[in-house]
Amino acid sequence: EIFEDSKKASKHVAKEIADLIRQRNKNDKNTVLGLATGSTPTKVYDELVRLHKEEGLSFKNVITFNLDEYYPMEPDSLQSYVRFMKEHLFDHIDIPDEQVHIPDGTVEEDKVTEYCKLYEQQIRDAGGIDIQLLGIGRTGHIGFNEPGSRPDSRTRLITLDRITRKDAASDFFGEEYVPRRAITMGVGTILDARRVIMMAWGEGKAPVIQEAIEGPIRESVPATYLQNHTDATVILDDASSAEL
Ligand code: GLP
């Protein structure tokens, strides 16, 4: 779906999320959201905060699982996704702390595999993800599933692509300070979500969006795996859809 600009597109996405939360709240049921970081979803979060403050949308029955976190990463670091999510969403809504899950960038290295299994288990225990939000990296990554990621991959420690580290350089005040690794939900974890919404804005994303939507499904562009999902929508602005 193509929108004139990212603001209109983000409102549309936030409305779908809010509608599901309201419907579940009415029946006293949980909503499980898979959340993304980066510049792409911030307007969706702004709108959800607005709906909470102005229209009383409650997140008391919402459980969230974030896609990824740099590794290693302290939660209070400037660049941590924990901090990002607090600033953009969690500090402004009524979600209970224990219902928020973000991969832990402080887990000891020899415990990471076990930790990732636990993260998968927590998603299953919550009943699986109802709506998974995604951005897309210039490498075609979803979460931090870089080129080479298998369609059945699960939450794990991965090595970041050089292009991804370049793109993150300004956040870390230099490419050499960008962590080399990250913990990410797997492609299989993402594809298990009942609904997937991938968003992309701006002309910089146009080439990778063309590949993701029109290219053959392949390991070198992990976002192409979404073509096999039964309920996935890509939300674009004019600029990011320019090469379709
Ligand atoms: C990071 C995140 C991804 C995100 C991507 C794109 O790599 N781990 O989840 O989709 O950046 O970032 P942006 O939305 O800033 O373009």
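**Close-up 1. The buried residues of helix H7 in this predicted model.** Let's start with helix H7, which spans residues 206-214. Here Val208, Ile209 and Ala212 are buried. These three cover an arc of only 100° around the axis, so they lie on the same side of H7. What lies over the buried residues of H7? The cover includes strand E9 (195-200) and strand E10 (232-237).

**Close-up 2. An open sheet of three strands.** Follow the strands across the sheet and you will meet them in the order E4-E8-E7, with antiparallel pairing. Strand E4 (68-71) and strand E7 (156-159) stand at the edges. Each of these two has a single partner strand, which means that one side of each is left without a neighbour in the sheet. On average, neighbouring strands of this sheet are turned by 30° against each other, direction ignored.

**Close-up 3. The pairing of E7 with E8.** Now for a look at one pair from that sheet. Strand E8 covers residues 181-184, and four bridges join it to E7 in the antiparallel sense.

**Close-up 4. The shell around the ligand.** How many residues surround the ligand? There are 13, and the closest are Gly38, Ser39, Thr40, Gly135 and Gly137. Sorted by class, the shell has eight polar residues, four nonpolar ones and one charged residue.

Definitions and conventions:
Residues are numbered from 1 along each chain as its sequence is written. This is a predicted model: local features need pLDDT of at least 70, side-chain atom pairs count only at pLDDT 80 or more; totals for chains, interfaces and linings use all residues. A residue is near a molecule or strand if its C-beta atom, placed from the backbone, lies within 6 Å of it. Ala, Val, Leu, Ile, Met, Phe, Trp, Tyr, Cys and Pro count as nonpolar, Asp, Glu, Lys and Arg as charged, and the others, Gly among them, as polar. Two strands pair if DSSP finds at least two bridges between them. Axes are lines fitted to C-alpha atoms, for helices over the stretch in contact, and angles run from 0 to 180 degrees between N-to-C directions. A residue is buried if 20 or more other C-beta atoms lie within 10 Å of its own, exposed if 12 or fewer, and partly exposed in between; C-beta atoms are placed from the backbone. The arc is that of the directions from the helix axis to the C-beta atoms. Two residues are in contact if their C-beta atoms, placed from the backbone, lie within 7 Å.
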